[in-house]
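Visitor: Hi, I have a structure open and would like to go through it with someone. Could you help me find my way around?

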Amino acid sequence: MKQMLFNALIIDDDPAFKKLLEKRLSAFIEGLVVTSLDSLTQARTFLKEIKNLVFDLVIIDEHLPDGTGHDFISEGWFQEMAVLAVSSDEAPELPGSFVQ
C-alpha cells in the first residue's frame with residue numbers, strides 16, 4: 001500500500017525552532033515532507049515557482065526579517081490550507097489578530 005504524503009511548510013528564521021517543529025511533527029505524522037524557508041522573500045519565490053502544490057499544514061512566524069506573517073497570510077497565499085501562526089511575542093492582541 002502506498003503511503004500518503006503530508007506536506008508541511010514552515011516559514012521561520014529560527015533554525016532551532018524549525019528543527020524542533022519538524023522533529024515533533026514527524027513523531028505523529030507518517031509520510032511527513034517538510035519544506036522549510038527562512039524569509040517571506042524566499043516564500044514568495046518558492047510559492048510562485050510551485051503554483052499548484054497544496055500544503056496540509058503551513059506554520060509561519062509572525063516576526064520575520066522581511067515582514068510579518070500576518071501580512072503575508074493576508075496576501076492570500078494559503079487559501080483553503082490549514083495555517084498555524086506562531087510567535088514568541090507576548091503581546092496579548094496577536095492571537096486574535098490572525099482570526100479571519
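Visitor: Where is Asp13 found?

Guide: Before anything else, please keep in mind that this is a predicted model. In it, Asp13 lies in the loop that runs between strand E1 and helix H1, the helix of residues 15–28.

Visitor: Is Asp13 buried or exposed, or something in between?

Guide: Its relative accessible area is 36%, so Asp13 counts as partly exposed.

Visitor: And which residues is Asp13 in contact with, leaving aside its neighbours within four places in sequence?

Guide: With those neighbours set aside, Asp13 is in contact with Asp38, Asp61, His63, Leu64 and Pro65. Taking Leu64 from that list, the C-alpha atoms of Asp13 and Leu64 are separated by 6.4 Å, although the two residues are 51 residues apart along the chain.

Visitor: Okay, new topic: which residues of the largest nonpolar core touch the most other members?

Guide: That core has 15 residues, and the ones touching the most other members are Leu9, Ile11, Leu47, Phe55, Ile60, Phe72 and Phe78. Two or more residues each are given to this core by strand E1 (6–11), helix H2 (40–50), strand E3 (57–61) and helix H3 (69–74), and the largest share, four residues, comes from H2.

Visitor: What about a second core, which residues does that include?

Guide: There is a second, separate core of nine residues, and among them are Ile10, Leu25, Ile59 and Val86.

Visitor: Is the pair of Phe72 and Trp77 stacked or tilted?

Guide: Phe72 and Trp77 form a stacked pair, with 5.8 Å from centre to centre and 15 degrees between the planes.

Visitor: And are those two buried or exposed?

Guide: Phe72 has 0% relative accessibility and therefore counts as buried, whereas Trp77, at 25% relative accessibility, counts as partly exposed.

Visitor: Which residues do ring pairs link into a cluster?

Guide: The cluster linked by ring pairs is made up of Phe72, Trp77 and Phe78.

Terms used: Residues numbered from 1 in each chain as written. Predicted model: local features only at pLDDT ≥ 70, side-chain atom pairs only at ≥ 80, totals over all residues. Heavy atoms only, no water. Core = buried A, V, L, I, M, F, W, Y, C linked by side-chain atoms within 4.5 Å. Buried < 20%, exposed > 50% of the residue type's maximum accessible area, 1.4 Å probe, protein only. Phe/Tyr/Trp six-rings, centres within 6.5 Å; stacked < 30°, edge-to-face > 60°. Contact = heavy atoms within 4.5 Å.
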